[in-house]
Amino acid sequence: MTRLIALLVCLAGLCAGAAHAIEPAFDPAAATEAWLATMGPEATARSNAYFEGGYWIQYAGAALTILISLIMMMLGWAKGVRAWLERTVKFYFLVAFGMGLFYFFVSSVLTFPFAWWVGFAREHEFGLATQTFSEWFGEYLIGFAINLVVGAIFIALLYLVIRAAKSAWWIWGAGLTTLFMIAIIALAPVYISPLFNTYTPMAEGSLRDSILHMAQANGVPADNVYVFDVSRQTNRVTANVSGMFGTTRISLSDTLIARGGEEGVREVMGHEIGHYVLRHMTSILVMLTALIVVVFALTQLLFARLTRGERWGVRGIDDPAGLPLAFALITFLFALATPINNNIIRYHEHQADIFGLNASREPVGFAQTALLLSEYRKMRPSPLEEWFFYDHPSGYARVRMAMEWQAHETAAGRYLARPAGPPPGWRPDFVVMRESQATPEPSPAAASD
Ligand SMILES: [Zn+2]
């Protein structure tokens, strides 16, 4: 009993002082500030503007989808297309498939200007894209064709489930959605990703060897690391674990090798190995499935209420004429669930971050990479902003994690490779590049203002 009381007192925070008794080798907060200062005010303002614009884009995109879906319902397009399909292709599966094709085709055409602005114009405006319009448009069309066919197949299967399970479709439908996601994840590295990028085994050498040693030391049976040519599309640095079952692999972008430095590459690979070792693909799927169950259940409730009395000619949840309405509801509910979705992902990203730091022991590489990512991710959000909008820890959180790690590991005598803070004179490459481009020619006009 006394032990229990002692434990409760401890949990209440009375023994929290113990955590402060250990002195780090340097002040992690001050070291973090020194890292963030390498960006300078102009790059910070740019990065904030780009990322904060993304908040509005998410919701504008959802609002546009909902608007277009409601127009299809109200103008009778959905009802008309379903009636025409019932007369021509007859089979229920094909009616639902045709409805899926119609919905994705029309909504993609109508939202194209928005897609162009978000995916092309704005990326160029912020200096992130490397593609010409025709290169971008070619890839857009490939993505459009895949979405159209795969989306319509999924819709047709989902309607079969809906017709069989009736008002309990939301639970079976969520199961089908998860199975479909697993299939896409497993097939993507083989059939989808190569349509956009070329994947080649990483060049032999000490960097590749050190990555494979780190992988095998952590129980990952990898004998290869892939490099993909992201530089075709953008200069962003990135890496990922993709695939499932036999197709699992770790890939890193050519931009990361070019810009990240060996320490940065090792740290990012440590992070990706973390996703793999901690079985994040499975864990994310389980959590997302729970979210989908809730979203589908609410869709069922709202759909039944909105289509009472065969409004818009919809005969019931199993009538494909209601597809745009169901899609609008699902889009609306997922938009509401933005912070839940982001917290699910960020929870896993945080785990991968600390795993990567411990596996790679590269706090400087970690801080440098966090700064490179700041090109398109706001470094220092408010706590509420980070909780709501961030699917990765913020740059500040990541650099701070690296500095806490380095300060304590240095104090413990286990990390002596580097002094605190950024190497003297180090600045993110994109800041250096922009400043050298922006150096003004001395002119009378410039001198007058
Ligand atoms: Zn990650």
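The model is predicted, so local features are kept only at pLDDT of at least 70 and side-chain atom pairs only at pLDDT 80 or more, while totals for chains, interfaces and linings use all residues. Residues are numbered from 1 along each chain as its sequence is written.

The protein has 17 helices and four strands; helices (H or I, at least four residues) and strands (E, at least two) are DSSP runs, numbered from the N terminus. Taken along the principal axes, the C-alpha atoms fill a box of roughly 80 × 75 × 50 Å. Of the 449 residues, 32% are buried. Here, buried means that 20 or more other C-beta atoms lie within 10 Å of a residue's own, exposed means 12 or fewer, and partly exposed is in between, with C-beta atoms placed from the backbone.

Helix 5 covers residues 92–125, 34 residues in total, and spans 47 Å from its first C-alpha to its last. That is close to the expected 50 Å, which is 1.5 Å times one less than the number of residues. There's a kink of about 55° at Phe112, shortly before Pro113; the bend is the angle between axes fitted to the seven residues ending there and the seven starting there. The helix's buried residues include Val95, Phe97, Met99, Tyr103 and Glu123. Among the elements covering the buried residues are helix 4 (77–88), helix 6 (133–165) and helix 11 (323–336). After helix 5 comes Gly127, with a positive phi near 70°.

Lys90, with a phi of about 65°, sits in the loop between helix 4 and helix 5. Lys90 counts as exposed because it has 9 other C-beta atoms within 10 Å. Trp312 has a phi near 60° and belongs to the loop between helix 10 (280–306) and helix 11. With 18 other C-beta atoms within 10 Å, Trp312 is partly exposed.

Helix 12 (residues 338–360) packs against helix 15 (residues 395–411) at an angle of about 35°, their axes 11 Å apart. Axes are lines fitted to C-alpha atoms, for helices over the stretch in contact, and angles run from 0 to 180 degrees between N-to-C directions. Asp353, Ile354 and Leu357 of helix 12 make the contact with Arg398, Met401, Ala402 and Trp405 of helix 15; a contact needs C-beta atoms, placed from the backbone, within 7 Å.

Technical notes
Contact = placed C-beta atoms within 7 Å.
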